Amino acid sequence: MSESADERKGPAVDPRILRRLWPFLRPHQRWVWLGFSCLMLGLGCRLAGPFLVKIAIDDHLAAGEPDGYGWIVGAFLALAVIEALLRRVQQVAVDTGGQSALLDLRLAIFRHLQRLSTRYFDRTPTGKLIGRVTTDVEALNEMFSTGVVTILGDLVFLVATLAILFGLDWQLTLVTLTVVPVLLAITMFIRIRVRSAYVTMRSKLSEMNAYLHEQVNGMPVVQMFNRQQATRDGYGEINAGVRGAQLGTVYWETLLSTFVELLSSFTVALILWYGGGEVAASMGATPSPGERALTLGVLFAFVDYMQKFFQPLNELSLKYTVLQNAMTASRRIFSLLDEDDVLPVPATPHRPDEVRGQISFEQVGFAYKEGTPVLHEIDFQVAPGERVALVGATGAGKSTVLKLLTRLYDVSAGRITLDGVDLHDFDPKALRQRVGMVPQDVFLFEGTILDNIRLGKPEVSDADAIAAATRLHLDRLVERFPGGWNEPVRERGRNLSAGEKQLISFARVLAAAPEVLVLDEATSNVDSHTEHLLQEAVHEVMQGRTSIAIAHRLSTVRDVDRILVFQKGRIVEQGSHEQLMAAAGVYADLVKLQEGLVDTG
Ligand SMILES: Nc1ncnc2c1ncn2[C@@H]1O[C@H](COP(=O)(O)OP(=O)(O)OP(=O)(O)O)[C@@H](O)[C@H]1O
Ligand SMILES: [Mg+2]
């Protein structure tokens with residue numbers, strides 16, 4: 001099975017990545033150090049346990065010496081309790097430090113996403129970006145939750161155990177260690193299977209999630225076209241794949257633990273067989289000085305140490321994989337954080353207190369993708385207070401003009417000025433405060449209607465927000481809702497009609513009271529009553545301020561000062577409604593076409 005590019009392995013420990021992760025952990029390092037100290041102290045307790053038992057057996061039980069035996073038992077118990085406490089503190093401390101660092105990391109990614117340009121979002125799939133904040137951060141989280149941080153402790157423990165074993169009896173240690181290569185080989189082999197089973201499972205799960213997401217969103221269409229049976233079958237098929245993949249992970253994981261347990265018992269048998277023989281031989285005989293004597297206590301300590309030895313050894317390969325995943329995820333997160341496709345902002349940006357609203361496009365050219373220009377030599381001026389409309393066929397470049405004016409994108413050629421100042425010299429925040437845009441695609445957020453109206457200027461009072469909306473006659477729609485102005489808005493505003501959403505979107509801009517207004521009329525069809533409301537709304541918001549409106553319903557802009565007609569990225573005609581009708585050109589054709597449609601409709 002091939003691994004996807006995202007699952008490609010890298011080194012499990014990459015110093016450059018660790019150096020970049022450190023700043024997130026540094027503010028919480030007290031927790032990490034606390035955890036680390038507890039870990040090391042806990043290890044000491046863990047190592048001392050079997051040794052105490054050895055002393056109890058050899059120096060007291062075997063030697064028939066009852067004095068001090070109680071102390072040893074007490075010490076053993078005390079050590080066990082202390083170790084448990086230390087382990088608890090260590091787990092909580094490491095998790096607290098780790099989770100706090102992850103919180104900071106998530107915030108940093110989010111902050112960075114907010115700085116990225118519209119262009120970046122055009123070319124990056126949303127799922128990929130969400131994945132950075134969720135799945136990839138989760139991979140780092142796994143690093144804390146599976147205790148990878150204790151990997152250092154494991155290594156110390158293994159080395160210390162070996163040292164003690166060699167100190168106790170080096171021959172028996174060598175015999176026992178023959179099992180280790182077998183253990184390592186088997187765990188490594190099975191771990192690779194486990195890992196690839198997990199890769200399959202993750203891809204099956206994300207396939208299922210994507211399918212589910214699409215099906216839930218498209219449920220009305222599924223029901224409308226009676227596709228239930230077919231989509232259920234599709235879902236069943238994907239689900240069978242998920243079951244298979246899950247079983248695969250369980251199969252290999254349980255096989256691994258079976259083997260490890262078996263080997264651990266095998267080792268005990270080995271110790272009993274080899275060591276036990278020696279103990280029996282030395283029983284009764286008093287060893288001469290320097291001669292090796294394997295005692296019962298040592299034998300017991302061996303069995304105990306070896307069992308404790310196996311657990312971290314078994315987990316090492318798991319922790320290695322988790323660490324490797326965390327590194328891959330971090331690499332992806334940092335490549336997003338390194339993404340510098342942000343709007344260039346001048347060192348001393350222009351932040352006017354107010355603008356007059358004189359707009360000038362000078363030979364503006366623009367391409368979303370290099371080589372396919374969508375605007376050519378756009379040249380027009382709008383005087384302060386003038387009301388201009390852009391009309392033209394779909395795809396002619398009208399919305400693009402507005403996106404350039406609000407600097408969602410930067411021009412490829414020529415320049416745009418506001419009050420004679422190049423847009424590049426503006427602080428984008430100040431520019432967007434002065435130039436309010438009603439976008440073509442209305443986007444409402446979860447909250448209430450009032451929350452959505454106040455979006456651009458949260459400090460606007462309830463009364464002012466309602467006043468702005470009332471100027472658009474939104475009050476007539478809102479009074480039908482049980483919650484009134486506090487009626488909840490569901491995600492993307494799907495509990496509202498297209499016309500209602502548009503009116504809220506208008507009110508949102510009006511409440512922020514920008515000096516210049518640009519308005520991209522939505523193309524969706526609304527009933528004639530709402531159409532009338534929208535028409536009045538457009539008229540209302542354009543009144544008395546510099547405004548540019550894109551109109552699909554030509555009737556809405558009949559009374560503007562000037563109409564610019566767009567065709568294939570160029571301005572082909574301009575003038576007032578009467579002038580353009582008299583000229584009998586592109587505009588006149590468009591109007592006739594629409595009126596014809598209205599007649600037949
Ligand atoms: N984000 C984008 N990336 C690439 N190309 C784009 C993007 N947005 C628009 N285009 C292309 O640019 C051209 C102009 O699009 P624009 O949205 O300005 O048209 P429009 O005149 O507003 O059309 P409509 O009346 O349908 O709203 C179209 O050919 C469109 O395919
Ligand atoms: Mg458009």
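**Exercise 1.** Does S399 count as buried or exposed, and at what relative accessibility?

*Solution.* Keep in mind that this is a predicted model. Start with the cut-off: buried means under 20% relative accessible area. Now take the value for S399, which is 16%. That falls under the cut-off, so S399 counts as buried.

**Exercise 2.** Describe the surroundings of ligand 1, going from its shell to its polar contacts.

*Solution.* First, the shell. There are 14 residues around ligand 1, and T394, K398, S399, T400 and Q440 come nearest. Sort them by type and you get five nonpolar, seven polar and two charged residues. Helix α12 (residues 398-405) supplies the largest share of this shell, with three residues.

Next, the polar contacts, using a cut-off of 3.5 Å between N or O atoms. The side chain of K398 puts an N or O atom 2.7 Å from an oxygen atom of ligand 1. A polar backbone atom of G395 is 2.8 Å from a ligand 1 oxygen. For Q440, a polar side-chain atom lies 2.8 Å from an oxygen atom of ligand 1. Finally, the area: ligand 1 on its own exposes 640 Å², and the protein buries 68% of that.

**Exercise 3.** Where is A240, and how far is A240 from K204 in sequence and in space?

*Solution.* Locate A240 in helix α10 (residues 228-282). A240 counts as partly exposed, at 38% relative accessibility. Then compare the two separations: A240 and K204 are 36 residues apart in sequence, and their C-alpha atoms are 9.6 Å apart in space.

**Exercise 4.** Which domains does the assignment give, and how far apart are their C-alpha centres?

*Solution.* Begin with the bounds: domain 1 covers 14-169 + 294-337, and domain 2 covers 359-600. Then take the C-alpha centres of domain 1 and domain 2, which lie 57 Å apart.

Notes
Residues numbered from 1 in each chain as written. Chains lettered and ligands numbered in written order. Predicted model: local features only at pLDDT ≥ 70, side-chain atom pairs only at ≥ 80, totals over all residues. Heavy atoms only, no water. Near = heavy atom within 4 Å. Polar contact = N/O pair within 3.5 Å; in protein donor to acceptor, adjacent residues only side chain to side chain. Areas by Shrake-Rupley, 256 points an atom, 1.4 Å probe, with all protein chains shown as cover. Helix = DSSP H or I, 4+ residues; strand = E, 2+ residues; numbered from the N terminus. Nonpolar A, V, L, I, M, F, W, Y, C, P; charged D, E, K, R; others polar. Domains from an automatic or database assignment. Buried < 20%, exposed > 50% of the residue type's maximum accessible area, 1.4 Å probe, protein only.
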